Amino acid sequence: MTQSTTINHSETYGSVWYPYAQMQSLEINLEVVETKGVILTMADGKQLIDAISSWWCVTHGYNHPELNQAMTDQINKFSHVMLGGLKNQTTQSFADKLVEITPEGLNHVFFSDSGSVGVEVAIKMALQYFFNQGQQHKTKVVALQRAYHGDTTACMSVCDPAEGMHKMFHGITPEQFFLDAPSGGFNASDAEVAADIEKARQLFEENGNNIAAMIVEPLMQGAGGFNYYSPKYLNQLKALCKQHNILLIFDEVATGFGRTGKLFATEHTDVTPDIMILAKGLTAGYLGHAATLTTSEIFGAFLSDSASTAFMHGPTFMGNPTACAVGLKAIEIFQRDDFLSKIAQIEQQLKDELLDFKHEEVVETRVLGASGCIEVKDPSFHQGIQEFAAERGVWIRPFERYIYTMPPYIITPEQLKAITDVMKDWFLRER
């Protein structure tokens, strides 16, 4: 009889399993004890400017007094109640506000608790839309190379299968169709857009009968490497999707709430998507929450006398009133304080600081809205940049070949310059 031996790895590696990291070699020496505005204060007293808004979500900065108060006021009433058979005015008001500020026609809001789940909801909604109409053959989704839509199962199936972080699951998750990532940048030529659209046309003509939806990160592919592309592509893609009876899903988890220079990336286009997903900035980074919005046409396909056509999905914390309360206040502040003007200033400063930067290790620099990226040739080149930046008072987190910033919108020009100086000084340092 063999007796198994259990190793307690928590003694060596600790109890917290950190994300996107090889735990065997991971060292985290920075402990946050306080935050204010765009500043993270460490246990040793060091203060760092957050260059990446805690994965792009802390749009209004940390410890905002009005957001704190909105949460406190709601918690003093009730922090959470289920939406299964109950309703509350805070959640209703938040849904109404989202319908008001998103593109016309997105009239219905399904809440969930993270961007990944919001994407799962969108895909499931698109498939069942056709199932409910007797079109069970429409089971496939089209996505783009370089795409990232989350880490759960359906999300992994629409992430880049060759280069993305989930490529090991290719063949296990559902098999989807992929198109080349749009080329030419935000100001792509008509010829470049036409070539990319022709690829979509060919795919739709050959397989459209089996395709339920196409999902894209509109204009900015974030975790796929900050590939910015033309609004013209989305305008033509929408027409093509309509022609082939394919739903168009906009994943605005990263692009929503100002990141591309408009309140939503879709506002750069003439398109209202059939389904749109919001998260991250939805609550200004205070709580995990997501919203999947859709049209009355899609919503209507779930209405019947039969329970079999109902949308059978229900995250426990969907429509959480505390998250909705802080989200309502965040939108109020965004509109009242004209954050779009602040974002335009950030964009101009990033262009001034980064677009002309040249170095032998740099492939390209890119800027769109409140995001700026330096792409390097070799990902090993930026090994050590986090420690380098921290010594200079900046928190930055590169990945693969990309050194980037996506700062909170309240950042000052001086703070933003400190970030861009660090990004450039990394290349100019003595080695």
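Visitor: Which residue in the turn of the hairpin formed by strand 1 and strand 2 has a positive phi?

Guide: That residue is Gly 37, whose phi is about 65 degrees, and it sits in the turn of a hairpin in which 2 residues lie between strand 1 and strand 2. Please keep in mind, as we go on, that this is a predicted model.

Visitor: In which sense do strand 1 and strand 2 pair, and over how many bridges?

Guide: Strand 1, which covers residues 32-36, pairs with strand 2 in the antiparallel sense over 4 bridges.

Visitor: Which way do the residues of strand 2 point, and are they buried or exposed?

Guide: From strand 2, which spans residues 39-42, Ile 39 and Thr 41 point one way while Leu 40 and Met 42 point the other way, and all of them are buried.

Visitor: How should I read the order of the strands in this sheet, and which strands stand at the edges?

Guide: The sheet is an open one of 4 strands in the order 1-2-3-15, and its pairing is mixed. Strand 1 and strand 15, the latter at 394-395, each have a single partner strand, so one side of each is left without a neighbour in the sheet. The parallel part of the pairing is found between strand 3 and strand 15, over 2 bridges, where Ile 49 stands opposite Val 394. Helix 13 lies across strand 2, strand 3 and strand 15, and runs at about 90 degrees to strand 3.

Visitor: What is the order of the open sheet of 3 strands?

Guide: Its order is 13-14-16, and the pairing is antiparallel. The edge strands are strand 13 (362-367) and strand 16 (402-405), each of which pairs on one side only. On average, and ignoring direction, neighbouring strands of this sheet are turned by 10 degrees against each other. Strand 14, residues 372-376, pairs with strand 16 in the antiparallel sense over 4 bridges, and among the residues involved, Cys 373 has Tyr 404 of strand 16 as its bridge partner.

Visitor: Which helices lie on this sheet?

Guide: Helix 11, residues 339-354, lies across strand 13, strand 14 and strand 16, running at about 160 degrees to strand 13. Helix 13, residues 413-428, also packs on the sheet and touches strand 13, strand 14 and strand 16, with its direction making about 160 degrees with that of strand 16.

Visitor: Where do nonpolar side chains tend to be in soluble globular proteins?

Guide: The general idea is that in soluble globular proteins nonpolar side chains tend to be buried together. In this structure, the largest nonpolar core has 121 residues, of which Leu 98, Phe 204, Met 214, Phe 226, Tyr 233 and Leu 237 touch the most other members. Helix 5, residues 115-131, gives the largest share of this core, with 10 residues. Apart from it lies another core, of 7 residues, among them Met 42, Val 58, Tyr 62 and Ala 390.

Visitor: Why does Gln 74 count as buried, and why does Asn 76 count as exposed?

Guide: The general idea is to compare the relative accessibility with a cut-off, with buried meaning under 20% and exposed over 50%. Gln 74 counts as buried because its relative accessibility is 4%, whereas Asn 76 counts as exposed because its value is 63%. Leaving aside residues up to four places away in sequence, Gln 74 touches Ser 79, Thr 90, Pro 321, Thr 322 and Ala 325.

Visitor: What does UniProt list for Lys 280?

Guide: The unreviewed UniProt entry lists Lys 280 as "modified residue: N6-(pyridoxal phosphate)lysine". In the model, Lys 280 is in the loop between strand 11 (275-278) and strand 12 (290-295), and it counts as partly exposed because its relative accessibility is 27%. The side chain of Lys 280 reaches the backbone oxygen of Trp 55 at 3.1 Å.

Terms used: Residues numbered from 1 in each chain as written. Predicted model: local features only at pLDDT ≥ 70, side-chain atom pairs only at ≥ 80, totals over all residues. Heavy atoms only, no water. Buried < 20%, exposed > 50% of the residue type's maximum accessible area, 1.4 Å probe, protein only. UniProt positions renumbered as here; feature names shortened; annotations may be inferred. Polar contact = N/O pair within 3.5 Å; in protein donor to acceptor, adjacent residues only side chain to side chain. Pairing = 2+ DSSP bridges. Axes fitted to C-alpha atoms, helices over the stretch in contact; angles between N-to-C directions. Contact = heavy atoms within 4.5 Å. Core = buried A, V, L, I, M, F, W, Y, C linked by side-chain atoms within 4.5 Å.
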